[in-house]
Amino acid sequence: MVVKRALAIITLLVIGYWLAVGLSQVPFGEDKMLIGQYYLNNVKDQTGAVNAVTAVVVNYRGFDTLGEVTVLFIASTGVGALLWKRKRKRTAKTEGSIVLTTGTRLLFPFVMLFGAYIFIHGHLTPGGGFPGGATVATAFLLLYLAYTAYEIPHRGFEVTEGLAGMGYVTVGLIGLAIGGYFLFDWIWQTWQFGTDNIGRLLSGGFIPIIYTIIGIKVGTELSGIIDNMVKEEVSE
Amino acid sequence: MISVYYFGAIALILIGLYAILIKRNLLKILVGLSIMETGVNLLLISIGYVSGKSAPILSEGIGPSQAVDPIPQALVLTAIVIGVATTAMALSVAILIYEKYGTLNVEEIRRLRG
């Protein structure tokens, strides 16, 4: 055990030294932007979004984000497949205290609203579909904690998740039909919608639409993961 | 001279790696993995930082020349999501292992002994 620990610490020191030597060549806080500056200069004209990070994620690298959503979907499906048992139920025995249940009843709509706010305003403020969806999922986690018998409506959630996934691809395919390539921003580039509105809610091309879709998808998927994890196998 | 932000990120990576190498409880190993992930994300963000500039949201008073690099932030956004996905998968594997062996100690689990 002592030998193992000593070896581990030596390994860590070597790796740490190596990282430090590598990073000492990288100055902190200096302007190293190459393509980043191009994005910053053109983000308003090309995408209509104010938040450059969102524009990079959804617009310039939209195909990447489609892959990201796919990874999350595969993880959610994988959790379901790994934990799949014929008889699985919630076995929690203690109901939440009155503080928790009352608090949940009070807070649930506001947490949902805040999640929706985060993903609808993705092109204006920090945040977007992924953090917004995670916030929505925490609202359902709160319900799971407070009520022992609570379960998410599975059928509805699965349908919503599938529709959201198809919605993303559909928006991309409309872009393919109008502009010639997948995930072409047809609302901004072709219709010029919201040109005199930059910085307000109705702007940003298809970014709010796609981020709403992603938010719904991430919210349902993470809720599904929570649901799979809190259930335990019960013997008949 | 190495910056204190890089130093913090490296420290987080090493703490996580230490937990992965030494700890025997599967859950603690997963916690170590998450700490390591946080360190890598912090490293990426601090490489993209430009001193004296603000977040890349081009609102009042912040033009294209006063914002930091948006690309590392976008990449970290992606990395966090992938991290959540892998953590969820790993946790469900841990649940299965606990159901099968009744323990989370990696030295007591037969197939992981080595």
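**Surface patches and salt bridges**

Analyst: Phe193(A) counts as partly exposed, because its relative accessibility is 44%. Keep in mind that this is a predicted model.

User: Where in chain A is Phe193(A) found?

Analyst: Phe193(A) sits in the loop between helix 8 (186-189) and helix 9 (207-230) of chain A.

User: And which nonpolar surface patch is Phe193(A) part of?

Analyst: One of about 650 Å². Along with Phe193(A), the patch is made by Ile120(A), Ile174(A), Ile178(A), Trp191(A), Leu201(A) and Leu202(A).

User: What about charge? Which residues gather in a patch of positive charge on the surface?

Analyst: Lys4(A) and Arg5(A) from chain A, together with Lys23(B) and Lys28(B) from chain B.

User: Where is Arg5(A), and is it buried or partly exposed?

Analyst: Arg5(A) is in helix 1 of chain A, which covers residues 2-23. Arg5(A) is partly exposed, because its relative accessibility is 38%.

User: Switching to salt bridges. How many are there over all chains?

Analyst: A search of the whole structure gives 7 salt bridges.

User: What does Lys85(A) pair with?

Analyst: Lys85(A) forms a salt bridge with Glu99(B), and the closest N and O atoms are 2.9 Å apart. The pair joins two chains, because Lys85(A) lies in the loop between helix 4 (62-82) and strand 1 (88-89) of chain A, while Glu99(B) lies in helix 3 (residues 70-101) of chain B.

User: Are those two buried or partly exposed?

Analyst: Lys85(A) is partly exposed, with a relative accessible area of 23%. Glu99(B) is also partly exposed, at 40%.

User: What about Lys231(A), what is its salt bridge partner?

Analyst: Lys231(A) forms a salt bridge with Glu151(A), where the closest N and O atoms are 3.3 Å apart. Lys231(A) lies in the loop between helix 9 and strand 2 (232-233) of chain A, and Glu151(A) in the loop between helix 6 (129-146) and helix 7 (154-179), so the pair ties together parts that are 80 residues apart in sequence.

User: Buried or partly exposed, for each?

Analyst: Lys231(A) counts as buried, because its relative accessibility is 14% and the cut-off for buried is under 20%. Glu151(A) counts as partly exposed at 33%.

User: Which residues are linked in a network with that pair?

Analyst: Asp227(A) is linked with Glu151(A) and Lys231(A) in a network of salt bridges.

User: And Lys217(A)? What does it form a salt bridge with?

Analyst: With Glu221(A), the closest N and O atoms being 3.2 Å apart. Both residues lie in helix 9 of chain A, 4 residues apart, or about one turn of the helix. Lys217(A) and Glu221(A) are both buried.

User: Now the records. What does UniProt list for residues 99-222 of chain A?

Analyst: The unreviewed UniProt entry gives "domain: Na+/H+ antiporter MnhB subunit-related protein" for residues 99-222 of chain A. In the model that span is 69% helix and 0% strand, with its end C-alpha atoms 25 Å apart.

User: Where does UniProt place "transmembrane region" in chain B?

Analyst: At residues 6-22, 29-51 and 71-98 of chain B, again from an unreviewed entry.

User: What does the chain look like over residues 6-22 and 71-98, in helix and strand?

Analyst: Residues 6-22 of chain B are 100% helix and 0% strand, with the end C-alpha atoms 24 Å apart. Residues 71-98 of chain B are 100% helix and 0% strand too, and there the end C-alpha atoms are 40 Å apart.

Technical notes:
Residues are numbered from 1 along each chain as its sequence is written. Chains are lettered from A and ligands numbered from 1 in the order in which they are written. This is a predicted model: local features need pLDDT of at least 70, side-chain atom pairs count only at pLDDT 80 or more; totals for chains, interfaces and linings use all residues. Side-chain values use heavy atoms; hydrogens and water are left out. Patches are made of residues with over 30% relative accessible area and no salt bridge: like charges are joined within 9 Å, nonpolar side chains (Val, Leu, Ile, Met, Phe, Trp, Tyr) within 5 Å. Accessible areas come from the Shrake-Rupley method with a 1.4 Å probe; for residues, only the protein chains shown count as cover. A salt bridge is a side-chain nitrogen of Lys or Arg within 4 Å of a carboxyl oxygen of Asp or Glu. Lys and Arg count as positive and Asp and Glu as negative; His and the chain ends are not counted. The place of a charge is taken as NZ of Lys, CZ of Arg, CG of Asp or CD of Glu. Buried means under 20% relative accessible area, exposed over 50%, partly exposed in between (1.4 Å probe, protein chains only). UniProt positions are given in the numbering used here, feature names are shortened, and annotations may be inferred rather than shown by experiment.
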